[in-house]
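Have a look at the model first, then read on.

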Amino acid sequence: MSTTAPSIIIIGAGFSGLGMAMELRRNGFDDFTILERAAEPGGVWRENTYPGAACDVPSPLYSYSYAPKPDWPHRYSGAADILNYLESLAAENDLLERIRFGADVTEAAYDESTGTWTVRIADGTHYTADVLISAVGQLSRPQLPTIPGRERFEGPSFHSAQWDHSVDLSGKRVAVIGTGASAIQFVPAIQPRVARLTVFQRTAAWVVSRTDREYRPFHHALFRHVPGLRLAQRLWVWCFLEFFALGLADLPFLRRLVASLCRASLHREVRDPDLRAALTPDYPVLCKRVLFSNDYYPALVQPNVDVVTTAIAEIVPEGVRTTDGVVHPADVIVYGTGFKGSEFLWPMRILGRDGQDLADAWTGGARAYLGMTVPHFPNMFLLYGPNTNLGIGSIVYMIECQSRYIRQALTHLTTHPGHTLEVTEQAARDFDAHTQHRLRRTPWSSCSSWYRDATGRITNNWPGTVTAYRLRTRTLHPTDYTLARIG
């Protein structure tokens with residue numbers, strides 16, 4: 001049987017793109033190019049440099065299973081350490097020479113006559129390959145709120161994912177708009193050095209303490225030299241998170257345990273009954289992202305911090321006006337308002353077979369078979385695509401599952417040169433129907449969050465455990481696809 005390995009374009013050099021590239025390299029696929037819009041690899045861990053930036057998944061699990069790091073400085077490591085890990089992997093695996101930096105992709109179009117994808121860059125250049133793999137992730141585009149008057153504010157203002165380090169916050173009055181996963185990290189980091197910190201909270205978060213610890217040199221020595229210790233630690237974290245993930249759809253009683261842990265943290269850290277009431281969520285636990293922090297509540301009880309729950313009416317030149325007419329003065333505004341999570345490939349334009357625009361195919365909500373491939377878009381795959389985000393667990397292993405599955409698809413193409421692979425509409429419909437049915441059993445269906453798009457459809461999350469996803473993606477079934485001859 002003749003074999004011809006396809007040429008491949010990967011868009012993005014974060015966890016997904018680098019993971020896909022390493023999977024290709026380990027399995028003999030060497031004809032690939034990574035297109036990265038920035039000047040360095042790292043994805044969100046390159047972009048998010050705000051004070052206190054860290055991961056809320058333990059580092060032994062928030063890393064590739066085949067590339068463990070024995071010397072993480074903390075159980076929950078910071079953004080700089082995670083970025084260093086990714087940069088080291090890119091260098092050690094000779095991936096930097098395959099990355100075209102400064103390549104901001106604007107469009108990718110499929111040519112039926114040649115069975116190839118042409119990817120166009122903002123500067124006018126283009127690249128062509130047999131296979132297109134998007135690895136741009138779900139949290140790459142900052143979301144700014146539509147509050148009237150933002151442009152009228154007289155002081156510096158910026159999104160937490162675009163932190164302006166030239167602005168010295170010392171002795172300043174700082175307004176923080178938003179109380180999500182980024183804010184609970186940078187609020188405690190900046191609180192000690194600002195004169196006044198006003199936190200505008202639209203929705204209280206469920207917050208649970210995290211069991212962080214510093215790893216010292218003797219820990220690093222043990223992880224490096226004691227057989228199985230590092231794996232045992234990873235396995236323990238994996239089992240712990242998988243157990244609680246069962247509470248999303250299969251074992252609802254576990255939600256009560258999570259709620260109890262969050263309430264215990266709130267009652268322990270916040271003594272003032274009025275502030276405690278303001279910080280108590282009014283929606284089911286796990287409906288929105290549960291946040292992990294040991295220092296968020298202690299920061300909010302400090303005398304230089306105000307928590308404002310009255311809705312914001314507008315931004316005025318001197319600060320923030322709430323609907324009760326009060327103007328809260330500020331020298332700096334920081335927006336901790338999250339990302340455009342449901343706009344998966346925006347602003348790229350993707351044109352598939354018969355010129356179909358992916359934006360049109362996703363009218364009514366993004367969807368993809370196994371979160372990875374879409375009918376009418378042959379030889380195109382997504383990493384960290386629709387319905388593959390996790391409420392509990394490590395997205396890095398989800399990316400590993402997807403990379404292995406896509407590699408199987410590439411192997412199938414290699415043994416069938418001159419053909420394209422496209423998921424059938426029936427397979428895609430069946431998967432989506434089953435996924436949405438299970439999602440209706442989860443807490444995410446009972447409140448609004450970034451997991452849902454404007455229509456209310458849950459487009460982001462996987463409704464189960466990572467183990468379930470691994471089993472579902474372990475083997476590529478050719479019957480789920482159409483193998484079509486080119487031309």
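Helices (H or I, at least four residues) and strands (E, at least two) are DSSP runs, numbered from the N terminus. This is a predicted model, where local features need pLDDT of at least 70 and side-chain atom pairs count only at pLDDT 80 or more, while totals for chains, interfaces and linings use all residues. Residues are numbered from 1 along each chain as its sequence is written, and side-chain values use heavy atoms, leaving out hydrogens and water.

Let's start with the sheet. Five strands make an open sheet in the order S3-S2-S1-S7-S19, with parallel pairing (two strands pair if DSSP finds at least two bridges between them). S3 and S19 stand at the edges with a single partner strand each, so one side of each has no neighbour in the sheet. On average, neighbouring strands are turned by 20° against each other, direction ignored.

Strands S1 and S2 run parallel and are joined by four bridges; isoleucine 9 stands opposite threonine 33 in S2.

| Strand | Residues |
|---|---|
| S1 | residues 8-11 |
| S2 | residues 32-36 |
| S3 | residues 99-101 |
| S7 | residues 131-134 |
| S19 | residues 380-382 |

Now for helix H11: it lies across S1, S7 and S19, running at about 170° to S19. Angles run from 0 to 180 degrees between N-to-C directions, and axes are lines fitted to C-alpha atoms, for helices over the stretch in contact. Contact means heavy atoms within 4.5 Å.

H11 (residues 395-414) also packs with H13 (residues 466-473) at about 5°, their axes 10 Å apart. That makes the two helices roughly parallel (angles under 35 degrees). Among the residues making this contact are Tyr397 and Met398 of H11 and Val466 of H13.

Key. Angles under 35 degrees count as roughly parallel, over 145 as roughly antiparallel, 65 to 115 as roughly perpendicular and the rest as oblique.
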